[in-house]
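Please read them with the structure open.

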Amino acid sequence: MNMQNPLARVRGTGSSGEGSHHWRSQRYSALILLLLTVWILWLGVSLAGADYATARSAMSSPFNAGMTIMLAGTVFYHTQLGLQVVIEDYVHIATLEFALLLIVRFACLVAFLISAIAALKLALGA
Amino acid sequence: MSTTKRPMSPYMLGPYYKFQITSLLSILNRLTGVFMSVVSAPLLLCWLIALASGEEAYTGLSAFLGSVLGILIIAASVFSFSFHLMGGIRHLIWDAGWMLENEQVRLSGWVAIIGSVLLTLVVLGAGL
């Protein structure tokens with residue numbers, strides 16, 4: 001699904017040079033997170049103060065594993081988009097801004113990969 | 001790059017403008033987002049890693065989360081989550097083109113504040 005008109009896509013209009021892509025991605029990821037909120041609240045409350053065996057068995061179900069990977073992907077994507085806006089707004093030294101944006105992207109990607117592998121390890125019982 | 005000191009618009013909070021709930025909630029939405037990015041999300045990641053690493057790591061992290069500092073971090077995270085959630089819903093409503101009149105924006109601001117405090121209390125009450 002693409003909600004940009006073809007001309008806007010070709011020109012990459014807007015001050016960022018990428019049109020409304022960033023803005024829309026932030027909203028779509030927010031909507032997904034809104035749906036996942038019910039699950040994360042339920043899981044968080046039910047596992048608060050849980051011992052190792054309880055937490056381990058809860059996180060070994062395919063449903064919780066899948067939701068964890070979905071949540072990690074959406075959270076770290078939304079995090080990257082949000083921190084990007086904050087950095088672009090407040091950091092005015094071009095080199096530092098570029099470096100911070102790269103670090104945020106890298107950190108969010110690594111955080112997602114580690115979350116996904118941890119969730120899979122718990123689900124597959126390795 | 002530029003050496004010219006251009007005049008800048010005064011910051012939205014502070015002595016220059018009359019207090020407005022809109023600007024306070026705007027910056028709070030950012031601050032809670034940054035807090036979760038820097039503290040809460042890494043903490044959840046640590047929890048997953050600890051759980052996947054074994055009982056010793058998990059027990060160690062649990063002990064820290066049960067300490068005063070741990071509980072403070074959890075409480076701040078739950079509040080940030082609740083507030084950013086309410087603020088986010090408010091933004092999505094605006095993006096749909098609704099509730100954009102001044103009175104409605106102020107009203108939704110108060111709903112977001114009260115709602116996030118209530119949600120924080122409910123979640124902490126249920127979890128602790």
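Is the crossing of α4(A) and α1(B) left-handed or right-handed?

1. The crossing of α4(A) and α1(B) is left-handed, a crossing being called so if the near helix is turned anticlockwise from the far one by less than a right angle, and right-handed if clockwise. This is a predicted model, in which local features need pLDDT of at least 70 and side-chain atom pairs count only at pLDDT 80 or more, whereas totals for chains, interfaces and linings use all residues. Residues are numbered from 1 along each chain as its sequence is written, while chains are lettered from A and ligands numbered from 1 in the order in which they are written.

2. The two helices pack at an angle of about 130 degrees with their axes 10 Å apart, where axes are lines fitted to C-alpha atoms, for helices over the stretch in contact, and angles run from 0 to 180 degrees between N-to-C directions. α4(A) and α1(B) are therefore oblique to each other, since angles under 35 degrees count as roughly parallel, over 145 as roughly antiparallel, 65 to 115 as roughly perpendicular and the rest as oblique.

3. On the α4(A) side, V75(A), T79(A), G82(A), L83(A) and V86(A) meet R30(B), G33(B), V34(B), S37(B) and A41(B) of α1(B), contact requiring C-beta atoms, placed from the backbone, within 7 Å. The residues of this contact divide into five nonpolar, four polar and one charged; Ala, Val, Leu, Ile, Met, Phe, Trp, Tyr, Cys and Pro count as nonpolar, Asp, Glu, Lys and Arg as charged, and the others, Gly among them, as polar.

4. Not counting residues up to four places away in sequence, L122(A) touches R56(A), M59(A), S60(A), A65(A), L51(B) and A52(B).

5. Chain A has five helices and zero strands, helices being DSSP runs (H or I) of at least four residues and strands (E) of at least two, numbered from the N terminus. Of the 126 residues of chain A, 18% count as buried.

Technical notes. Contact = placed C-beta atoms within 7 Å. Buried ≥ 20, exposed ≤ 12 C-beta atoms within 10 Å, placed from the backbone.
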